[in-house]
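Hi,

Here is the structure I promised to pass on. My notes on it follow below, with the cut-offs spelled out as we go.

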Amino acid sequence: MKRILIVAVLAAIALCCGCSDAKSDNDILAMSFNIRLSLSDDFDGENSWIFRKEAIIAMINEVSPDLLGIQEGIFGQVNYMDEYLPGYGRYGVGRDDGLNRGEANAVFYKKSRFELLESTTFWLSETPDEVSRGWDAACNRVVTFVRLLDKNSGREFYFCNTHFDHIGKVAREESGKLIVERMRSLIPDDAAVVLTGDFNAGHNDPILDPIEEYMTSARRAAPITDTLNTFNSWGKITPEEGGRIIDHIYFRNLTPSLFKTLTGAYAGVEYISDHYPIIAVFALKDVQTQEAQRESSK
C-alpha cells in the first residue's frame with residue numbers, strides 16, 4: 001500500500017502516516033478536513049462525492065489519524081464514513097436541527113485509543129445552546145465538542161471542531177470570541193486541547209486573534225511545517241500560490257512535532273475535495289512536570 005513518508009521530527013520520533021507503530025504510543029495525530037458537501041454534486045460534476053468517497057476512505061486509512069474533524073458533512077456522507085471506518089467512533093449533529101439535518105462538523109476518534117466521556121454541540125450565535133444563526137452569518141454554524149479519555153496515557157483530552165461562516169465578517173469575529181469563552185468555561189486550564197476547522201479566514205487574519213491569544217497554531221509552532229494553501233478549488237489554485245490558508249489546527253498543553261498539508265492523490269483521485277486535508281502530530285506534555293509546575297506556583 002502506498003504510504004506517505006513524513007520526515008523524522010525529533011531524534012526519538014520517526015513518523016510515517018498510515019503506520020501507527022512508527023510513532024510513540026502517546027503521540028496524537030490530528031486531522032482537519034473539509035470533505036465538500038455532497039449536495040453540491042450538480043455543480044461539481046466529475047468531482048462529485050460519488051467519485052471521491054472511496055478515495056477519502058483510502059486517505060484516512062492510509063494516514064490513520066487518531067482524531068479527525070470534518071466540515072461540510074451531509075449525513076449521507078457521514079453515515080458512509082461511519083460504515084467504512086469501523087475503527088472510529090463518531091459524534092456530530094446536523095447544524096439545522098441538532099439531529100441530522102444540514103451539515104455536521106463531525107468528529108471521529110479511534111476507538112482503540114479513546115473512550116468518549118462527553119459530547120455536546122453549541123451554535124455560533126447569540127443563543128449558542130439552541131439551534132440558531134448568529135450575527136450576519138449566511139448559515140447556521142456549530143462547534144462539535146468532545147471530552148475523551150486517552151487510554152494510552154490515562155489522561156483526559158478535549159477535541160473541538162468547527163466551520164466559520166463564509167459570508168458574515170461579524171459572525172467570524174464573534175465566533176472566535178465565543179469559542180474561547182466556551183473553552184475557558186468548559187475546559188481546565190491545564191488540559192490538553194485540539195481545535196480543528198475551516199475558519200474561512202487566513203492564518204494572518206485578525207479575526208483569528210481571540211483564538212490565537214488562547215491557543216497556538218500548529219502550523220506556526222511545529223518544527224516541521226509548511227506554508228501551502230489548504231483550499232485548492234479543484235486544482236484551480238496551486239498549493240504554493242498563496243492566500244488560501246483557511247483550514248487550521250490549534251492546540252493547548254501539547255507539544256507539536258509536525259504540521260503537514262496533504263496535497264497528494266489517493267486511490268487514483270487527484271483532488272479528493274476542494275480543500276486539502278491537514279494534519280498535526282502532538283506529544284502529550286509530561287503529567288509529572290505539569291503537576292510540579294502547579295505545586296511550585298502555589
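Cysteine 160 counts as buried because its relative accessibility is 2%, and cysteine 139 counts as buried because its value is 17%. Buried here means under 20% relative accessible area, exposed means over 50%, and partly exposed lies in between, using a 1.4 Å probe and protein chains only. The disulfide count is zero, where a disulfide is a pair of cysteine sulfur atoms within 2.5 Å.

Before you go further: this is a predicted model, in which local features need pLDDT of at least 70 and side-chain atom pairs count only at pLDDT 80 or more, while totals for chains, interfaces and linings use all residues. Residues are numbered from 1 along each chain as its sequence is written, and side-chain values use heavy atoms, with hydrogens and water left out.

Now the sheet. Six strands make up an open, mixed sheet in the order 5-6-4-3-14-13. Strands (E, at least two residues) and helices (H or I, at least four) are DSSP runs numbered from the N terminus, and two strands pair if DSSP finds at least two bridges between them. At the edges are strand 5 (88-91) and strand 13 (254-261), each pairing on one side only. Strand 13 runs antiparallel to strand 14, with seven bridges joining them; leucine 258 has valine 281 in strand 14 as its bridge partner.

Two helices are worth a look against this sheet. Helix 2 lies across strands 3, 4, 5 and 14, at about 165 degrees to strand 3. Helix 3 packs on the sheet too, touching strand 4, strand 5 and strand 6 (107-110), and its direction makes about 155 degrees with that of strand 5. Angles run from 0 to 180 degrees between N-to-C directions, with axes fitted to C-alpha atoms, for helices over the stretch in contact. Phe75, Gln77, Val78, Tyr80 and Met81 are the buried residues of helix 3, and they pack against helix 2, strand 4, strand 5 and strand 6.

Finally, the cores. A nonpolar core is a set of buried Ala, Val, Leu, Ile, Met, Phe, Trp, Tyr and Cys residues joined through side-chain atoms within 4.5 Å. The largest has 29 residues, and Met59 and Met81 touch the most other members. Helix 2 is its biggest contributor, with seven residues. Leaving aside residues up to four places away in sequence, Met59 touches Met31, Phe33, Leu262, Tyr266, Ile272 and Pro277, contact meaning heavy atoms within 4.5 Å. A second, separate core has 24 residues, among them Val93, Val146, Phe251 and Leu284.

Best wishes
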